Amino acid sequence: MNFTFNHFEGLWKVKRNISPNTCANGLAHIIKNKNSELVFKEKFLTSLDKKNIIFGENQYLIEIKNKELHFIFKSGPRLGTIFQKFRMNTISNSSLYFCLKDTYQTTLYWINQNYFRITHKIKGKNKNLFISSHYYKTNNINLFNKFI
């Protein structure tokens, strides 16, 4: 299937596996702003064990430049810098990001209009993580507005 920029728009349920004992569930809302860029807002609850659950949030701006899809930090200390770049001519491809002493290898798998997947391999001095996030399209915007 050919990927188009408009396929990202909408509301997505997120299921994230971080380790055998740690998972997260949440929602991502991807909408166009007034500059025709996509804003990616994600809210999720991470279950560390049966007693500890933490809330998390990510925000990115998604732009197309030179036939590449750029994910740009929209919040936090790296606001405005590129997090990942993906070529738009393939269904899946990887991108690297270096943050201090950690390396993030991110792969975007575009499956169809209703499902995509993002994986992160994070390596560092004291880190060796593999995070797999699955995004399933949904139409219930009230879920996102009411989510924590």
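Student: What does the word "buried" stand for here, and how is C99 classed?

Tutor: Buried means under 20% relative accessible area, exposed means over 50%, and partly exposed lies in between, with a 1.4 Å probe and protein chains only. C99 counts as buried because its relative accessibility is 17%, whereas C23, at 31%, counts as partly exposed. Please note that this is a predicted model, in which local features need pLDDT of at least 70, side-chain atom pairs count only at pLDDT 80 or more, and totals for chains, interfaces and linings use all residues. Residues are numbered from 1 along each chain as its sequence is written, and side-chain values use heavy atoms, with hydrogens and water left out.

Student: How many disulfides are counted?

Tutor: A disulfide is a pair of cysteine sulfur atoms within 2.5 Å. By this rule the count is zero.

Student: Which residues have the most contacts inside the largest nonpolar core?

Tutor: A nonpolar core is a set of buried Ala, Val, Leu, Ile, Met, Phe, Trp, Tyr and Cys residues joined through side-chain atoms within 4.5 Å. The largest one here has 24 residues, and F8, F40, F71, F116 and Y135 have the most contacts inside it.

Student: What is Y135 in contact with?

Tutor: Contact means heavy atoms within 4.5 Å. Leaving aside neighbours within four places in sequence, the partners of Y135 include W12, F40, Y115 and F116, and also K13, R16 and E42.

Student: How many aromatic pairs are found in the whole structure?

Tutor: Rings of Phe, Tyr and Trp (its six-membered ring) pair if their centres lie within 6.5 Å; planes under 30 degrees apart count as stacked, over 60 as edge-to-face and the rest as tilted. The search finds 17 aromatic pairs. In one of them, F73 and F83 have ring centres 5.1 Å apart and planes at 50°, so this pair is tilted. It links distant parts of the chain, 10 residues apart: F73 is in strand 5 (residues 68-73) and F83 in strand 6 (residues 82-87). Strands (E, at least two residues) are DSSP runs, numbered from the N terminus. F73 is buried at 16%, and F83 is buried at 8%.

Student: Is the pair of Y115 and Y136 stacked or tilted?

Tutor: The planes of Y115 and Y136 are at 25° and the ring centres 5.1 Å apart, so the pair is stacked. Y115 belongs to strand 9 (residues 115-124) and Y136 to strand 10 (residues 127-138). Y136 counts as partly exposed, at 34%.

Student: Where does the charged end of R16 sit?

Tutor: A charge sits over a ring if NZ of Lys or CZ of Arg is within 6 Å of the ring centre and within 35 degrees of the ring normal. The charged end of R16 is over the ring of F44, 4.8 Å from its centre.

Key. Helix = DSSP H or I, 4+ residues; strand = E, 2+ residues; numbered from the N terminus.
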